[in-house]
Amino acid sequence: MIKTWTLFIIILLFPVFTFSQQQSDRLISKKDSLMPGMSTSIPFSLENSSGENKVYDISVLTSSPQITPILSKGKFPIAHHETSVYLVPLRIASETPQGDYSITLNITDLSNGIIFTKSSQITVSGNRKVSVTVLDLPEFTRAGETIRASFLLKNNGNVTETLVLESKNAIVDHDASLILAPNESKVITIHKVTDSELRQNEFQNLNLSVYSKDNPKENQIVYVSTQIISVKPSENEIYHRLPVAASLSFIGMQNMGVYHDGFQGEIYGKGTLDKDSKNHVEFRALTRNPIELNSFTPYEEYFVNYKRDHFFIHLGDKMYSSSYLTEFARYGRGAEIRYDFNRVSLGGFYNHPRFFRDIKDELNVYSTFKIRKESEISAGYLYKTPRKEENRFGDVRLDSDAHLPYTKGKFKISRHINVSGEFAYSNTRQTDGTAYMLQSEVNFEKLSGNLMYMRASPMFAGYFTNTNTFNGNIQYRLSKKISVLATYTQDAKNFERDTLFLAAPYRQYFQYGIQYKYLPNGLIMLNNGYQKYQDRLEPRQFDYYERFFRVSLNQQIGIFQINFEGQIGKTDNYLTGFNGNSSFYSANLSFEKFRTSFNIFGSYAITSRYQLQNQKQLYYGARVFSKFSEKTSLSIFYQNNYVPEEYFKDRNLFELLFHQQLFPGNELDLSGRYSLQRGEIGNKDFIFSIRYTWRPHIPVQKVAEYISLSGNIRNLGIKRTEGIRLMLGSYLSVTDKEGNYIFKNVIPGNYFLEIDRSTTEINDISTSAFPAALSLFNKENVFNFGLTSAANLQGHIHLQETDTKPFSSLKDKKKKESIIVEVVSDDQTYRKICFIGEGFDFTYLRPGDWTVKIYRNGLDKRYKISTDKFQFSLKPAEIKKINIQIVKQQLEIKYQQETLKVGYNEIKSKK
């Protein structure tokens, strides 16, 4: 009571007035820096110019209901010939919009009844403050169900916000944008459908992004995470397995009018022999090809290789290589071994070539020394033995045993420059020779390129003989859109290739040009240069030198990729001896739609390269690849013909490929093609194949054992514990009369144990949190829990007022005041937004200790929560009731205790 009377006395004495000739600059400036949610005082200057003391009756009015005077009425005495400052205390509500407002004093002179007014303008500054709070999210969700998360979006500022809602990995259940008035809040929900075929339990993240259209840089992103429980978990293997494919093919071929067919089998495997992936192995056994060898059917091959840490060994067929100059690529049957020490490697191989007539055997040894991470130097020795049989070929180049020592290295000069090189020497009974190779590569921000030069002497007995070659390209980026480039290629003429396939034409080629990227998905290239092509086969089909100018255009338009190319040139035909013009025009269109990719191409040429002058050529074709599903695909290809420069290789005219996975690990492939064999110009052959593949994963190491999980469900006052179904991933179990359950033959791993609620009473609740996370790795595992009756919590929010304003004034507001009620136990948390004057409840609570916490949720500062925390213990089937009291607080105004002395000058009026 004493405190209340003291407050009323202070209010009657307020406002404090001072006498001065001039207002404080600090008080004046306050009117221009007012923030919502604050209390302040606005000064008014009052002057009594008469010779009598005056008493004024003053009432305060504001232009907005959000700005309320703390004292709306009062009496103010002022002495004669004095000027005083009258302070008006104001409370600015937090939801007061940004803008200008007026404060008006209605002043009545009590001595004569004269009424006059004084006004002052104040400015409320803008305050942007949007908050996003997670409201509700399931802790667990079964695969195939929908994750739903809710967020409380609130505008704590005083500016009406137009907000944009987005989510990168979920669907927002609202319009993409919404308008939120000051102090307004909305509950936003998002959802995401989970994959029912999820093979493993995993956490999935959802996010909600909120930003204002007026200020998109201030983007708030709130992330939530929930665990998805797989209902079809993949079995965690108790064996480490090696992937193996075993196939059987039936192949038929119509070759120049003669038909051949037969079966070909293959076994291929690649993987590791242990779960730690230390022992790597690869093997293949492919039987003989039943038809004539071509690039579309594989040839006979047998090999196995093994690698562990620093050791590698290979036995069988492969492409063996010692170095670029001595033996670049030689397919044969042999063995290779290598061991890597810390910085030194030692190795070698033996090879018996399968498709080369000059060499019977070759033996190689080498050593490599690592200078640093990307720099090394090697030295080696290659020994070749020629065939001793009678010369049946007429052009054997290796007449005796050959000895080829060599050294090579690669060096990283700097971050942008790499160089490499090799030098080799050869010695036979009759000849000696040398060869060397140099290569460099640069890669700067604007400049990139590489150069390679190789030369072999006429008597060098390595892979190259009596030849030299130079290749290089360089590109300089003038800007982000413009680049200039140049390319030069000169093929080696004499090299010891395998006779399995024919050699490509000899080519000498140079071009330079400019590239302009006029759009991010479009560019044009202009090139000028020359090219020389010479057929290596006899009789030659072409031998020409050509100068050309080429224009290329690449453009992406929507889903379409378009390529155009045009070339004109002058051709010197060395084969026929005439000169003429050559022009080529080609177009290519590709796109993807309906899980199918399409590629259509065509070209037209008038050329003097071949047997006829101004010979017209038209080429066209298409490729369609459709993936009907993850198990089924179809590919169709057609091309009417090929340019003569490609006749050294096998060429498809028509091809059909069909793939079907019959069931996991079993596949069927069908293929059929019309083709031109290497060296053929017009004779077409037909090849078909039917291939069945079985992919067994062979167990090679046991890594786990089957385990079991058992337990008992205690009856803590419920009707029954019999017939309750439990789920452990894809495993199921049902309790007996005593509530016992057991899971047998369970793969070790991490699981979630779930209760099928349809087999329990609606109010039954477990004593442990479910789904229960279990790590099952022991041979036998036990997990016991109980079932009891759930408790409920009910409550009501009451408002208690101490002043004369009725509660109806609170309800008359546009917004209803609310609080957040949170109930927390050891492992569960629930929240609700509850409105003052209404009831609330929390159902299906686990018996035990609970804590209720109350949060203001933007509650007006004039209202106080009497008790914001409750603690109690819930019993089974109990209905607990609580009351939450909201008290409207009395105002407490504090004044400066010390006397404020202000001096002034009295100004007398002159008549």
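Where is Pro 539 found? Pro 539 sits in the loop between strand E34 (522-534) and strand E35 (543-557). That is one stop on a short tour of this structure, which is a predicted model.

## The overall picture

Let us begin with the whole protein. Its secondary structure comes to three helices and 61 strands. The C-alpha trace spans about 140 × 95 × 55 Å along the principal axes. For a compact globule of 911 residues, the radius of gyration would be near 29 Å, but this protein has 45 Å.

Contacts tell another part of the story. Of the contacts with a separation of 6 or more, 56% are between residues 24 or more positions apart.

## Surface and charge

Of the 911 residues, 40% count as buried. The accessible surface of the protein comes to about 50100 Å², and carbon and sulfur atoms make up 54% of that.

The protein carries 112 positive and 95 negative side chains. The centres of these two sets lie 4 Å apart.

With a relative accessible area of 3%, Ile 359 is buried, because buried means under 20%.

Which residues does Ile 359 touch, leaving aside its neighbours within four places in sequence? Its contacts are Glu 327, Arg 330, Pro 353, Lys 384, Thr 385, Arg 387 and Leu 398. Take Thr 385 from that list: Ile 359 and Thr 385 are 26 residues apart in sequence, yet their C-alpha atoms are 5.9 Å apart in space.

## Two cis peptide bonds

Back at Pro 539, the peptide bond from Glu 538 to Pro 539 is cis, with omega near -5°. A second stop is Pro 771, in the loop between strand E50 (764-766) and strand E51 (772-776). The peptide bond from Phe 770 to Pro 771 is also cis, with omega near 0°.

## Two residues with positive phi

Ser 277 is not a glycine, although its phi is positive at about 55°. You will find Ser 277 in the loop between strand E19 (258-272) and strand E20 (279-286). Its relative accessible area is 38%, so Ser 277 counts as partly exposed.

Phe 594 is another residue other than glycine with a positive phi, here near 55°. Phe 594 lies in the loop between strand E37 (579-593) and strand E38 (596-607). Is Phe 594 buried or exposed? Phe 594 counts as exposed, because its relative accessibility is 72% and the cut-off for exposed is over 50%.

Definitions and conventions. Residues are numbered from 1 along each chain as its sequence is written. This is a predicted model: local features need pLDDT of at least 70, side-chain atom pairs count only at pLDDT 80 or more; totals for chains, interfaces and linings use all residues. Side-chain values use heavy atoms; hydrogens and water are left out. Helices (H or I, at least four residues) and strands (E, at least two) are DSSP runs, numbered from the N terminus. The radius of gyration is taken over C-alpha atoms; the globule rule is 2.2 Å times the number of residues to the power 0.38. Buried means under 20% relative accessible area, exposed over 50%, partly exposed in between (1.4 Å probe, protein chains only). Contact means heavy atoms within 4.5 Å. Accessible areas come from the Shrake-Rupley method with a 1.4 Å probe; for residues, only the protein chains shown count as cover. Lys and Arg count as positive and Asp and Glu as negative; His and the chain ends are not counted. The place of a charge is taken as NZ of Lys, CZ of Arg, CG of Asp or CD of Glu.
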